Amino acid sequence: MRFSLVAPLALAVAPSLVSAAGTLGFALGTKNADGSCKDQSDYEADFDAISAASGSTLVRGYSASDCNSSVAIMPAAKTKGFKVVLGIWPDVQESFDADMDAITAVAPKYASSIYAVTVGSETLYRGNFTGEQLADKINTVKTALKGVTSTPIKVGTADSWNKFADGTGDAVIGTADLIMVNAFAFWQGQALSNATNTYFDDVMQAFGHIQSIAGGVDKAPELWNGETGWPTDGGSDFGAAEAGTSNAASYYKSAICGMLAWDVNLFYFEAFDEPWKPDSIGDNGQPADEKHWGAMTSTRGTKFSLKC
């Protein structure tokens, strides 16, 4: 559907008027709670937990070579009936080449379980590439995949919503098969009371611009919300955005279920807590906890309902 920039409030408050439903996926890390690399059995246990809690059978990663994850996750996905979005981290040539090699190694056998490949995760936001440079990387990956499998695999990218809304990513639009737009009302310091409206507005601004540049809804690449989420108990606050499990549950019910009800596909960040992660340093120079963003605990226990 085509989204207008005046739609977000109506979308947020009236999802029950729409009968279609989008597809839900989860961002999934490559490491166990103790920081060790996951093996096939770990991924299978992850998939069982995700499916039981949410009904989802789709996950995305960020670097296919990290922890040799593609070798472990793809047979697990095939066994459990999951699809995987494999990631390439293109910011340095070494990681780009390693991830490319990892994906082209598994693609011949597991192409039917690969939903797509994303080249980059917020690399435009970080200023590591121009749109033209990222488009060249995407084309390189497309060519490589065609050389190893006859099964079509979609190739695209994921970046912050504002880098598509402001035209930074325009060069990618005619190249990517799919574009994932990341949108975190939390990292904009929004109070929970305005978080869903902010989230809808951000996503729709990006989608609207992409569709306009593409020349129409039917000419645009496949569009997803690539990441959104809210930290639970133990997480750091940011501005008026307060971490907490009850707030995360409210955001999930309103924002995630609301967006899905409007037939928008999305990935929740993230499936499980990652207690091994160090704190990051935010734009404000302050440390920020990244351990407690999971919809479930690091031991795969549910924190709140993931059913819409």
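This is a predicted model: local features need pLDDT of at least 70, side-chain atom pairs count only at pLDDT 80 or more; totals for chains, interfaces and linings use all residues.
Local features require pLDDT of at least 70 and side-chain atom pairs count only at pLDDT 80 or more, whereas totals for chains, interfaces and linings use all residues. Residues are numbered from 1 along each chain as its sequence is written, and side-chain values use heavy atoms, with hydrogens and water left out.

**Overall fold**

The protein chain has 9 helices and 10 strands; these are DSSP runs numbered from the N terminus, with helices being H or I of at least four residues and strands E of at least two. The C-alpha trace spans about 50 × 45 × 45 Å along its principal axes. Of the 308 residues, 55% count as buried (under 20% relative accessible area; exposed is over 50% and partly exposed in between, with a 1.4 Å probe and protein chains only). Among contacts (heavy atoms within 4.5 Å) between residues at least 6 apart in sequence, 73% join residues at least 24 apart.

**Helix 2 and helix 3**

The axes of helix 2 (residues 40-54) and helix 3 come within 8 Å and cross at roughly 45 degrees. Axes are lines fitted to C-alpha atoms, for helices over the stretch in contact, and angles run from 0 to 180 degrees between N-to-C directions. Helix 2 contributes Gln-40, Tyr-43, Glu-44, Phe-47 and Asp-48 to the contact, and the helix 3 side includes Ser-69, Ile-73 and Lys-80. By class, the contact residues are 7 nonpolar, 3 polar and 3 charged (Ala, Val, Leu, Ile, Met, Phe, Trp, Tyr, Cys and Pro are nonpolar, Asp, Glu, Lys and Arg charged, and the others, Gly among them, polar).

**Backbone features**

Two residues other than glycine have a positive phi.

| Residue | Phi | Relative accessible area |
|---|---|---|
| Asn-68 | about 55 degrees | 47%, partly exposed |
| Arg-300 | near 75 degrees | 27%, partly exposed |

Asn-68 lies in the loop between strand 2 (58-60) and helix 3 (69-80). Arg-300 is in the segment after strand 10 (287-288). A cis peptide bond, with omega about 5 degrees, joins Phe-269 and Glu-270. Glu-270 sits in the loop between strand 8 (266-268) and strand 9 (280-281).
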